[in-house]
Amino acid sequence: MAHIFEAAGMATIVLGSIRKQIESTAPPRGLMCDFPLGRPLGKPNDPAFQHRVLDQAFKLLAATEQVLEEFPEAIEDEGSEMLACPLPPRSNADLHPALDEVRGLRPAYDRALEQYGNRAATGRVISADQIEEAMSAFIRVTDGVPWKEAGIPGIPSRVAQDIRGFYELAALGLSDHVPAAWSGTRWYFNSTEGGKLVLAARAAMRDAGESQPIWFYMAPGDQ
Amino acid sequence: MADNDIKSMTEGMEAPVLDTVAFSSPPELGKATVAVVTSASLHHPDQDDFAPQDVGFRVLEGNRRDYQMGHWSPNFDTIGFASDMNTVIPLDRLDELVLEGKVGKLSDVHLSYAGNQFDLSAVQMDSGPAGAKLLREKGVDVVILTPV
């Protein structure tokens, strides 16, 4: 993209977080920022840090030939930090644990929605009000119903993104700080009934021999 | 699940090989107009969401803040953007630099593409040049490209 925009007469600065990728794409001006994926400016709600990134990036405009520099501060993710987030106690033993959990998390979701807005939560295909319906469909998949007959209200991966978004926004509503990168995602998949349900449905679709793109993108690729 | 595991899945993707590297010289930053182009699949709520293999772009209005992420890839952290849009599209920071006089002007519009594309030819030949033309016609001198 940078090459295209440069060819049109604009100077570009590429921020990149995957070293081999920014090296192989060789942008005219690149700033390698060793930050977690999804956070190209490094730290949310840290204007001073974000300004340091931008200041370093703008310095590259002085270059007279192709340049690749590295931002001096790295943000490491070792895969071990997990959000410590309280989950609601069971309130209805007759409900599937995941459905009971979603109802318990709804106030936190609504609180965070009010505070942060809906930037990456729900609404791709389902609203927050439809999360239970979607999870009920995934429960049927884990019970052996073929995914096309289970009533999933959209493409499974997209529905799964809305469920993950619901949980991660609820996590913001339950936390007094912005979680470290990936720690909310790890909390969702490892600690919550909803995350475990989506992983179980994904595994059931895989084991049933369904096409890989249908189930694979329901969770990050290393899951 | 660790960030490096995810990065290692994509770091070997083949990159286009270019014969020449285009290189433009910008005006002084204090007199330049700056825009952001992101591959984070951002869009306004009233715009079409991105399709799975959407090679097009959305025009983001700089005076709005209702950006939503329509990316199809699950392979990045989204809580950072959910809590602070500047983690991906740093318009508040750029506004501050304009007020300080370090940046001349912030573009009225910014662009968003979907970075999870495997067939890049349509972006290279069509939507990429179309987006560049649009920004150039808006008087943009400097583009910051942000991924997710």
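Predicted model: local features only at pLDDT ≥ 70, side-chain atom pairs only at ≥ 80, totals over all residues.

Modeller: Residues are numbered from 1 along each chain as its sequence is written, and chains are lettered from A and ligands numbered from 1 in the order in which they are written.

Colleague: What makes up the secondary structure of chain A?

Modeller: Helices (H or I, at least four residues) and strands (E, at least two) are DSSP runs, numbered from the N terminus; chain A has nine helices and three strands, in the order α-β-α-β-α-β-α-α-α-α-α-α along the sequence.

Colleague: Why are helix 4 and helix 5 of chain A called roughly antiparallel?

Modeller: Axes are lines fitted to C-alpha atoms, for helices over the stretch in contact, and angles run from 0 to 180 degrees between N-to-C directions. Helix 4 (residues 97–116) and helix 5 (residues 131–142) of chain A pack at about 165°, with their axes 10 Å apart. Angles under 35 degrees count as roughly parallel, over 145 as roughly antiparallel, 65 to 115 as roughly perpendicular and the rest as oblique, so helix 4 and helix 5 of chain A are roughly antiparallel to each other.

Colleague: What angle do helix 4 and helix 6 of chain A make, and how close do their axes come?

Modeller: The axes of helix 4 and helix 6 of chain A come within 7 Å and cross at roughly 80°, and these two helices are therefore roughly perpendicular to each other.

Colleague: How many residues does each chain bring to the contact between chain A and chain B?

Modeller: Chain A gives 69 residues and chain B gives 61; helix 3 (47–59) and helix 6 (156–174) are among the elements of chain A that each supply at least two residues to that side.

Colleague: How do you know that strand 1 of chain A pairs with strand 7 of chain B?

Modeller: Two strands pair if DSSP finds at least two bridges between them, and four bridges join strand 1 of chain A to strand 7 (residues 142–146) of chain B, the two running parallel. Thr12(A) stands opposite Val143(B) in strand 7 of chain B.

How values were computed
Contact = placed C-beta atoms within 7 Å.
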